[in-house]
Amino acid sequence: MSERAIRKESVKTISPIDVYTLLPKTNCKECGEENCMAFAAKVVNREVIIELCPPLLEKEYAESYKTLWEMLKPPVKEITVGRSDHAIKIGGKLVMYRHEFTYSNPTAIAIDVTDEMSDDELLGRVKRTEGFTYNYIGQVLRLNMVAVRSTSNDPARFKSTVEKVVENTNLPLILCSFSSEVLENGLVAAQNRRPLIYAATKDNWKDLAELALMYKCPLTAFAPNDLNFLRSLTKTLLEYGVEDLVLDPGTFPNEGLSDTINNFTMIRRAACKRGDELLGFPLIGTPIVAWAEHVDAPEVNAWKEAYIASMLITRYVDVMIMHSKDGWVLLPNVVLRQNIYTDPRKPVAVEAGLRTIGKPNENSPVMLTTNFALTYYTVESDIEASGVSGYLIVTDTEGISVDSAVAGRQLTAEKIAEIVKATKVEEKVKHRKVIIPGKAARLSGEIEQLTGWEVLVGPRDSSGIPKFLQEKWK
Ligand code: SF4
């Protein structure tokens with residue numbers, strides 16, 4: 001392994017002092033911070049970028065800027081696929097483990113089409129990929145890319161297919177073939193779209209490197225189950241001048257799954273823990289391989305694809321190609337992705353305050369919950385399912401769920417009394433009854449004392465809300 005390729009800075013922890021030392025240290029406040037140390041602390045936390053310090057960009061600090069840039073660059077390079085508003089960034093990972101720092105650039109999911117599909121099937125899949133949305137705790141989850149595969153190996157046919165895809169979607173593209181002639185036809189059809197080229201191997205790397213340079217596109221290096229060769233291929237491509245690379249160590253179903261997971265893990269470990277620059281690129285996985293196996297029931301292929309995808313999401317994949325368009329395959333994976341790419345230090349929270357559900361009147365129930373997003377959206381949908389209109393008081397518990405918030409005192413009778421008053425809900429209803437979650441039952445006496453409202457203890461699980469309202473709310 002070349003020592004030159006190991007970037008020692010990436011393995012050490014960068015402190016605010018390391019950054020501060022290289023800043024102009026004039027405390028001029030042009031960056032909007034009180035002083036350079038405050039700015040340095042935010043830089044280390046990746047809350048601001050060094051370019052927000054205008055003096056640092058001046059000629060006299062050119063050396064410091066360069067050193068800082070090198071020091072702060074992520075061990076996994078960030079690559080852009082697509083152009084302008086429709087571009088997607090992949091990679092750019094700073095750490096190996098999610099608890100070390102929030103993951104950036106969630107795994108991009110591409111759905112495949114081929115140049116042997118009928119127009120109806122091709123455009124149907126493109127539209128379905130583009131139109132896929134799922135609202136999950138206040139966030140819209142989507143698919144991200146279209147992978148156009150040449151299964152015909154016919155350059156003209158591939159070109160025509162890429163043209164149709166380009167006409168019908170702005171989603172970023174992956175163009176897949178091992179033939180440079182086929183790929184070049186696709187690249188001509190996708191002019192100015194900066195697709196990801198898939199994939200350079202030991203046999204075609206030179207021709208594909210030429211294409212990547214000519215069309216200014218990122219290129220995938222593919223070396224199935226051979227990390228040494230993958231590293232050597234990356235080195236060769238970098239020396240040839242291709243800088244934006246994506247690595248594919250191969251995705252293997254069934255008994256090959258352990259090798260797959262091992263390879264993905266070893267590559268990311270080499271980049272993040274050892275600072276190996278030759279492996280410091282985004283990773284592409286292909287759960288679509290599950291479909292290569294012939295089985296009588298296609299659900300079996302789809303099921304395998306679903307679990308391969310979920311394993312890859314947890315094992316550092318930055319972009320992946322899938323075939324299934326079934327909700328039961330895609331939904332668990334987009335939700336898993338959303339969970340993994342959320343900052344574990346900050347629970348997903350919604351704004352505190354009073355919500356109206358349906359068309360409540362002065363006799364409608366007043367209910368209470370916390371501002372943990374998952375709790376809030378579950379409670380809201382269970383109230384809607386009950387068909388009963390009402391008011392929902394959302395208490396700021398710092399995004400903590402009911403039982404934890406009661407235990408940690410983020411949800412107290414005092415806090416509830418404050419928000420009941422602040423929302424002025426007493427002006428909206430003529431009764432004085434509030435329904436609290438079953439898991440906050442032990443606060444009921446204190447709440448009654450502090451608010452003067454009668455407390456009704458609701459179900460411990462919000463799925464019991466419809467039954468509770470039907471039986472208890474008169
Ligand atoms: Fe310091 Fe730069 Fe901010 Fe001025 S703009 S206070 S020099 S970090």
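How many helices and strands are there in the protein?

## Overall build

There are 16 helices and 17 strands, taken as DSSP runs numbered from the N terminus (helices H or I, at least four residues; strands E, at least two). This is a predicted model, where local features need pLDDT of at least 70 and side-chain atom pairs count only at pLDDT 80 or more, while totals for chains, interfaces and linings use all residues. Residues are numbered from 1 along each chain as its sequence is written, and side-chain values use heavy atoms, with hydrogens and water left out.

The C-alpha trace spans about 80 × 65 × 40 Å along its principal axes. Of the 474 residues, 50% are buried, meaning under 20% relative accessible area, with exposed being over 50% (1.4 Å probe, protein chains only).

## Around the ligand

Take a look at what surrounds the ligand: Pro24, Thr26, Asn27, Cys28, Lys29, Glu30, Cys31, Cys36, Phe39, Cys53 and Pro55, with a heavy atom within 4 Å as the cut-off. By class, that shell has 7 nonpolar, 2 polar and 2 charged residues. Here Cys, Phe and Pro count as nonpolar, Lys and Glu as charged.

## Helix H16

Helix H16 covers residues 465–472, and its buried residues are Ile465, Pro466, Phe468 and Leu469. They sit on the same side of H16 because they cover an arc of only 165° around the axis, going by directions from the helix axis to the C-beta atoms.

What covers them includes strand S14 (366–370), helix H12 (373–386), strand S16 (433–436) and strand S17 (454–457). The face of H16 turned away from the buried side carries exposed Lys467 and Gln470.

Definitions and conventions: Contact means heavy atoms within 4.5 Å.
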